Amino acid sequence: VNYTVKEISEIFNAEYIGDGDYTFNSVSSLTNASRNSVTFLGKKNFLGLLNTTESRVTVTSRKFSISCKHNVIISENPYLLFAKISQLLNKKKNLNYTIHDSVICQTKNLGGKLCIDPNVVIGENVILGENSFIGANSYIGDNVKIGLNAYINPNVTLYNDIKIGDNVIIHSGVVIGADGFGYASEEKSWVKIPQVGSVEIGDNVEIGANTSIDRGALDNTVIGNGVKIDNQVLIAHNVRIGNNTGIAGCVGIAGSAIIGENCTIGGGAGIQGHIEICDNTYITGMAKVACNIKEAGVYSSGTPLMLNKLWLKNAARFKKLNEFFLKSNNKDK
Amino acid sequence: VNYTVKEISEIFNAEYIGDGDYTFNSVSSLTNASRNSVTFLGKKNFLGLLNTTESRVTVTSRKFSISCKHNVIISENPYLLFAKISQLLNKKKNLNYTIHDSVICQTKNLGGKLCIDPNVVIGENVILGENSFIGANSYIGDNVKIGLNAYINPNVTLYNDIKIGDNVIIHSGVVIGADGFGYASEEKSWVKIPQVGSVEIGDNVEIGANTSIDRGALDNTVIGNGVKIDNQVLIAHNVRIGNNTGIAGCVGIAGSAIIGENCTIGGGAGIQGHIEICDNTYITGMAKVACNIKEAGVYSSGTPLMLNKLWLKNAARFKKLNEFFLKSNNKDK
Amino acid sequence: VNYTVKEISEIFNAEYIGDGDYTFNSVSSLTNASRNSVTFLGKKNFLGLLNTTESRVTVTSRKFSISCKHNVIISENPYLLFAKISQLLNKKKNLNYTIHDSVICQTKNLGGKLCIDPNVVIGENVILGENSFIGANSYIGDNVKIGLNAYINPNVTLYNDIKIGDNVIIHSGVVIGADGFGYASEEKSWVKIPQVGSVEIGDNVEIGANTSIDRGALDNTVIGNGVKIDNQVLIAHNVRIGNNTGIAGCVGIAGSAIIGENCTIGGGAGIQGHIEICDNTYITGMAKVACNIKEAGVYSSGTPLMLNKLWLKNAARFKKLNEFFLKSNNKDK
């Protein structure tokens, strides 16, 4: 679909500079743009690309607009406006409401307006909201309830009894509702604690490829509304995640941890079990969170990268750090 | 099924206080209990919940029993007793021995007393023990041998030639027997070393969602009896894990590492290849284990979490730690 | 297939010592060898195994050859020669070119010389190169293009529009082309940025079990030729990886990071988004890479492992490291 600069500006209530009749139909990076694509510029260090881009329409801030030689759509949050324009230009196609012949379904009345791809297996008493899509070779267990407009990609596994809200996107390889890692120790062996809780997932949640979210041991694991979870994340049993928190890839969140609203957990971070993290906390990548966080802020752990030769020496000193402090304090006396 | 306090106490040879005829039929947390559910109290900091819980039967230690207003079942390891009661109340349903019509199986005599869900694909010469379950869309390669009472969830992949013991639970997304990461370098490219070993998994093992266990390069990868593995764990080729070791989520164990019996590996820890860890070792979360461990104990690495502002300063100093020690030692002379 | 020592030596242009007519037909470790297996010895610390091995043919360096009592094939890179001998002895079986009846395929002319296992689902306009194998229950989205000799194991998911070169091996659980983790923030919620880029994977790439490679946000995610990726790796949107780089298990590479050629990324390392790593860089296991690397070398971060008791003390001191340096510097004045 083609839009003019003027049309887009009106839709999003934005100001434009240049030729309001100029049309485009796709989004692109500055580097690989064509004359038909709209681009965005959010950071100073990409200003140079304006000289070489084929794009003739750029979404940017007023400050950077003066560097643009062609048409500009102005926003103080150009990334956000660009996201919205991109959503408009890349609207999901309407689903073709069909249930493939190969689908094996034990639920009698799945409901209408569904698109279910080949080889999906669906258990008993499943409820799927209207306009939902289930990708090929996925498995939906008994008593699963999924809201409207779900988009479940191929090869997803939902264990029994999971509840999922509206507008949820689940990527391939995701496993929701597997047993949590719960054992009592008896002498030297482990006795399994039946995981009888479930998983509740709110509205507008997206879950990345190969992520796993375990069912609760007794109570449920709970993912709030608007939570965004990247790939390869582990969310253990009875974790609770507040609304609109974002969790980057490879994060592990151990059992019963409680994470507040509007938090950002950087990639590869590890959250210990049974701790609480307050709202609006930002954890940087690969941090190890082993204590409660009661005050919003940016938190980190780890050491910086250095040449291995130097690292070996510093790391060896780290082993003697306490000793060194003690010696030094003694000298001061 | 309903049990009375007295019945349960007799089954598990435990003492009770209160009304022996009081009945319950489910397990619950103190917070979400009903009058029909048994709860447990293991730690002092949950004592307050006794005032508000609806539960009328709590499994706890003698010490805490005096704080309970209602019926108590006493155990010096209440978590363990509760696990056993929960197993009794949440017995797995008997399998409905059927092989779904859609199952594609190249093995002529799979044996009886099996429950195989839709779209499972099974190769040649597979042996499945009695009372085993295979979930939908799973793949079982040629010559795989699985013991009694296996519970293999949907979307599991077992490559050829894997051997698995009795009473094993495998969660969705697990991949067992993929090629290990083995290459010889030739000038600047990599030459693949055929991974001709297999994987042997003992009895009573549980393997969490999206975990992968690679086949051996020459000899086998070996997982001992009673080993419990959480989600998203990587066990590389030729790793050997001793009996009853527990491995929490997101752990990576590199090739040919040998881990003893009764160890606990905390979430997100990384174990370097070719090292040995002795029995009864406890590795805390996110630790980096790059050397042999010859003495049982609790081991850690990393740095504590702090505000990013402070962390940046301390981390910068870490880069100069050796220099600082040297300077300081010189001054002392 | 049996080979004599002499035959192998001639094929690989290597020198041998001993009985050129001695035959073998398999590869083995020194520990578990039989009289029919060839072994290799690469490191001094395995010299002792020569006394007990059943093997009568060992690939090793000239230096170690004097310790061998039996036949020796000499190479200055015995691991590499052993890899090549193993490839010869463990040649992949020729594919049985058949497309299983259960395969569901929307592409009209898939082409010939293919082996496609049961329950594979294939979208529209897919191109599969000759001599390719697709394992059971895998999903291949619309417009996917795969080169010659692909070996795609069961339960793999390829989203739409992915391009894959020749001679690629993909292990089970891999997801290629899922949406990257891209959102703009609007007040407290997240607005999804449509991920309209794709993934390009070069020739001779191997991708380990349960790894995920996201599609690009605007431009493509690009994996070079000869790249080897282990299990459970996350490669985020718009990452670019240079030729012949090796990436060990559990690594996470955040969005738009650029990694050079011939790099090695150790297991569990985390690479921050938008950074660049130059060619020939070696990152040790679990390192956190949060800055550009402009000079080839070996880089590390983290702290060494120690007893938890000692670690607690040292870690506490780390929190005061900057303070301590400042105090110490003041004293010097």
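## Exposure of a salt-bridged pair

A residue is called buried when its relative accessible area is under 20%, exposed when over 50%, and partly exposed in between, using a 1.4 Å probe and protein chains only. By this scale Glu15(A) is partly exposed, at a relative accessible area of 39%, and Arg62(A) is partly exposed too, at 44%.

The structure is a predicted model, in which local features need pLDDT of at least 70 and side-chain atom pairs count only at pLDDT 80 or more, while totals for chains, interfaces and linings use all residues. Residues are numbered from 1 along each chain as its sequence is written, chains are lettered from A and ligands numbered from 1 in the order in which they are written, and side-chain values use heavy atoms, leaving out hydrogens and water.

## Salt bridges

A salt bridge is a side-chain nitrogen of Lys or Arg within 4 Å of a carboxyl oxygen of Asp or Glu. Over all chains there are 18. One of them joins the side chains of Glu15(A) and Arg62(A), at 2.6 Å from N to O. Glu15(A) belongs to strand S2 (residues 15-17) of chain A and Arg62(A) to helix H2 (residues 62-65) of chain A, so this pair ties together parts 47 residues apart in sequence. Helices (H or I, at least four residues) and strands (E, at least two) are DSSP runs, numbered from the N terminus.

In chain B, Asp179(B) and Lys192(B) form a salt bridge at 2.8 Å, and both residues are buried. Lys192(B) also forms a salt bridge with Glu206(C), with the closest N and O atoms 2.8 Å apart. Lys192(B) lies in strand S21 of chain B and Glu206(C) in strand S23 (residues 206-207) of chain C, so the pair joins two chains. A network of salt bridges likewise links Asp179(A), Lys192(A) and Glu206(B).

## The interface of chains A and C

Counting contact as heavy atoms within 4.5 Å, the interface takes 70 residues from chain A and 69 residues from chain C. The buried area, meaning the accessible area (1.4 Å probe) that two parts lose on being put together, summed over both, is about 5,700 Å², with carbon and sulfur atoms giving 61%. Leu305(A), Phe318(A) and Phe325(A) supply 13% of the area that chain A buries against chain C, more than any other three residues.

The interface has 2 salt bridges. Lys192(C) forms a salt bridge with Glu206(A), the closest N and O atoms lying 2.8 Å apart.
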